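Open your viewer and keep the selection tool ready. We will go stop by stop.

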2 protein chains.
Amino acid sequence: MSPPETTTAAKTYLDLVKACDNFPYIDLSRTPYAEEPETVLYQLLLPEDPRPHGYMLPSVVSRMPWTPSFSVSPPTSRPRTVQVLGSPDPASINAAFDTLIKAAAAAGVFSSLAPPLYDEAFRVLGARGSSPVRVLRASVALFGIASRGSHMTVYTRSPSTDELQIWVPRRAAHMRTWPGQLDTSVAGGIAAHESPFACIVHEADEEASLPRALVQRDARAVGAVTYVCASGAGSGGEHGLVVPDVLYCYDLEVAADVVLKPRDGEVQEFNLWSVAQVREALLRGEFKTNCASVMIDFFIRHGIVTPENEPDYLEILTRLHRPLPVPTSAAA
Amino acid sequence: MSPPETTTAAKTYLDLVKACDNFPYIDLSRTPYAEEPETVLYQLLLPEDPRPHGYMLPSVVSRMPWTPSFSVSPPTSRPRTVQVLGSPDPASINAAFDTLIKAAAAAGVFSSLAPPLYDEAFRVLGARGSSPVRVLRASVALFGIASRGSHMTVYTRSPSTDELQIWVPRRAAHMRTWPGQLDTSVAGGIAAHESPFACIVHEADEEASLPRALVQRDARAVGAVTYVCASGAGSGGEHGLVVPDVLYCYDLEVAADVVLKPRDGEVQEFNLWSVAQVREALLRGEFKTNCASVMIDFFIRHGIVTPENEPDYLEILTRLHRPLPVPTSAAA
């Protein structure tokens with residue numbers, strides 16, 4: 001493989017990883033974000049659980065139409081907290097969030113809650129209880145709660161050259177977020193009731209027309225990319241929100257005669273590209289930000305990016321696996 | 001695969017990873033370790049480079065026979081620093097360390113520098129200059145400098161069942177560190193002048209009788225495990241030193257007729273074990289601490305440990321890729 005042309009390659013792999021994991025490296029769980037009152041974050045606390053499950057901007061807290069199920073600390077308190085009141089039973093917590101989010105949507109204060117508001121819920125990672133604590137997907141970033149997604153890289157080997165080739169979709173031009181950008185072969189947010197693997201099986205069917213039996217048999221769990229970003233231009237909605245994110249990663253090697261085809265309208269086309277083609281598109285900045293990180297993780301695991309050819313190897317690796325500022329299991 | 005017996009499995013994968021990555025999660029580069037004077041660490045600074053390349057215990061600083069090539073700040077200063085003086089040229093820095101370490105060895109103040117003192121040098125990760133800055137391997141932990149190692153997991157697939165089988169060596173009983181413990185198939189420290197890949201190629205030859213041509217053709221770089229440990233009982237020498245460590249990881253799938261054989265006397269035997277056998281040995285605590293982490297990383301990348309069967313999946317993943325408190329590239 002020839003090295004990327006420095007004249008056309010505007011970015012490095014580390015630039016791409018930093019663009020995804022772009023929230024400052026501060027200890028969110030222990031220290032205020034900053035001493036300026038406008039930027040000291042509020043910790044989101046569930047009943048009978050001292051661990052912060054999210055971090056909210058003061059500008060969001062002040063506009064939220066809080067209900068009696070929530071107690072908001074005075075701005076002078078340290079830490080600042082938003083405490084969910086009542087029973088620690090997930091049903092009670094879920095009802096409190098549902099009522100609040102409906103009120104916020106009705107009041108029209110957040111563009112991310114503008115209609116149409118899809119009835120899809122995300123799980124609060126690490127929350128305790130016998131069933132998931134869940135909040136409406138569109139509201140997760142407002143609360144600074146971690147999101148969960150599943151990303152699967154589908155690849156094949158050229159029958160003639162044995163060269164690795166990767167299936168790369170381009171997002172439809174009408175998508176609200178990241179229109180026209182390149183994406184992971186198959187990817188989607190994980191609904192509250194789902195496991196990461198169940199998610200990738202149905203997304204592969206819906207987005208890429210891949211048979212469920214094939215994916216269930218051959219998809220391999222290979223790790224996860226974790227990062228914290230500040231919501232920005234491409235993501236829609238508010239800017240500067242704390243967005244911790246987990247992308248569970250899967251690899252699927254398919255035979256050369258398997259063809260990925262768009263099905264649900266979110267993808268405009270699938271390209272079967274060589275590693276060199278994918279790398280050039282990455283370095284041109286054509287991938288959706290977090291999909292670039294997933295592809296770089298794939299390149300590392302497959303010996304394409306190595307300690308010998310990448311000076312930032314170690315920083316890339318650690319930033320692809322950032323410790324999250326929220327609990328990731330009920331026990332932690 | 002059957003789950004481990006809870007009666008015999010004393011440890012979890014997270015326990016094993018925490019035993020390796022066991023230094024407190026504090027921001028070493030920004031905050032003193034603690035406010036107690038005995039525990040405020042000294043930053044090791046190279047000439048014309050403000051980035052700390054190591055963290056030294058006060059008990060080590062006070063016993064080191066410093067030469068005029070080093071300036072040690074008063075105990076009351078914050079941060080406490082050990083500054084290498086003189087030219088930023090690696091040759092000048094290397095000479096300063098050589099003289100100091102020989103003096104410390106002659107004075108007999110550190111058990112890790114007791115004879116026989118092997119003439120093997122490690123690179124100071126991320127140091128600037130046209131050639132490596134290097135210090136004697138036996139002294140790296142005293143300075144809290146990061147170590148580099150290469151670890152390769154060698155595996156095959158049973159011709160009859162297609163089941164994954166892993167080559168697991170047991171360390172010789174006469175080894176100074178971790179005698180009789182299980183190890184990565186092939187592993188070794190990376191000399192200052194070597195690349196991670198060059199290291200694994202010659203270690204595979206010396207430790208496991210694997211032909212260089214085979215390793216050069218088929219070994220695949222797959223990432224790295226990074227951690228910070230406090231030196232303890234198993235490691236020999238001082239206790240409580242800050243030991244940042246990088247283990248570059250390689251996978252090597254071999255044919256069923258390839259047999260690993262001890263050669264240099266550091267390994268007493270190689271076992272070809274099923275995943276279930278390896279897991280049981282891991283959970284019994286039979287692996288050398290950092291080799292357990294490398295094996296768990298292998299289990300994650302190969303879909304053996306998954307988000308569905310491991311509640312601590314995300315915490316394990318992030319702890320296997322800890323951001324290091326020292327620079328990992330010249331640019332950073």
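How many residues of chain B are in contact with chain A? Select both chains to find out: 35 residues of chain B are in contact with 35 residues of chain A. Contact means heavy atoms within 4.5 Å.

Before going on, know what you are looking at. This is a predicted model, where local features need pLDDT of at least 70 and side-chain atom pairs count only at pLDDT 80 or more, while totals for chains, interfaces and linings use all residues. Residues are numbered from 1 along each chain as its sequence is written, chains are lettered from A and ligands numbered from 1 in the order in which they are written, and side-chain values use heavy atoms, with hydrogens and water left out.

**Stop 1: where the chains meet**

Show the surface between chain B and chain A. The size of an interface is often given as the accessible area lost when the parts come together. Here the buried area is about 2700 Å², and carbon and sulfur atoms give 61% of it. Buried area is the accessible area (1.4 Å probe) that two parts lose on being put together, summed over both.

Now look at the pairs across this interface. There are 10 residue pairs in polar contact between chain B and chain A, both residues at pLDDT 80 or more. A polar contact is a pair of N or O atoms within 3.5 Å; within protein, one must be able to donate a hydrogen and the other to accept it, and residues adjacent in sequence count only if both atoms are side-chain atoms. The rule finds zero salt bridges between chain B and chain A. A salt bridge is a side-chain nitrogen of Lys or Arg within 4 Å of a carboxyl oxygen of Asp or Glu.

Next, select strand E10 (220-230) of chain B. E10(B) gives the most to the side of chain B that touches chain A, with six residues. Helices (H or I, at least four residues) and strands (E, at least two) are DSSP runs, numbered from the N terminus.

**Stop 2: the axis**

Superpose chain B on chain A. A rotation of 180° does it, with 0.0 Å of shift along the axis and an RMSD of 0.0 Å. The two copies are thus related as by a two-fold rotation axis. Click His321(B): in chain B, its C-alpha is the nearest to the axis, 3.1 Å away. Also, 100% of the interface residues of chain B are interface residues in chain A, so the copies meet through the same surface.

**Stop 3: two domains in chain A**

Colour domain 1 (13-23 + 146-319) and domain 2 (37-138) of chain A. These bounds come from an automatic or database domain assignment. The C-alpha centres of the two domains lie 29 Å apart. Between them, about 1400 Å² is buried, 55% of it from carbon and sulfur atoms. Pick Arg148(A), Ala192(A) and Glu238(A): in domain 1 they lose the most area to domain 2, together 36% of what that side buries. Three residue pairs are in polar contact between these domains, both residues at pLDDT 80 or more.

**Stop 4: the backbone**

Most residues other than glycine have a negative phi, and most peptide bonds are trans. Zoom to Pro115(A) and Pro116(A): a cis peptide bond joins them, with omega about 0°. Pro116(A) lies in the loop between helix H3 (90-107) and strand E5 (121-123) of chain A. In chain B, the bond from Arg78(B) to Pro79(B) is cis, with omega near -5°. Finish at Asp162(A), which has a positive phi of about 65° although it is not a glycine.

Notes:
Copies are superposed by least squares on the C-alpha atoms of residues with pLDDT of at least 70 in both.
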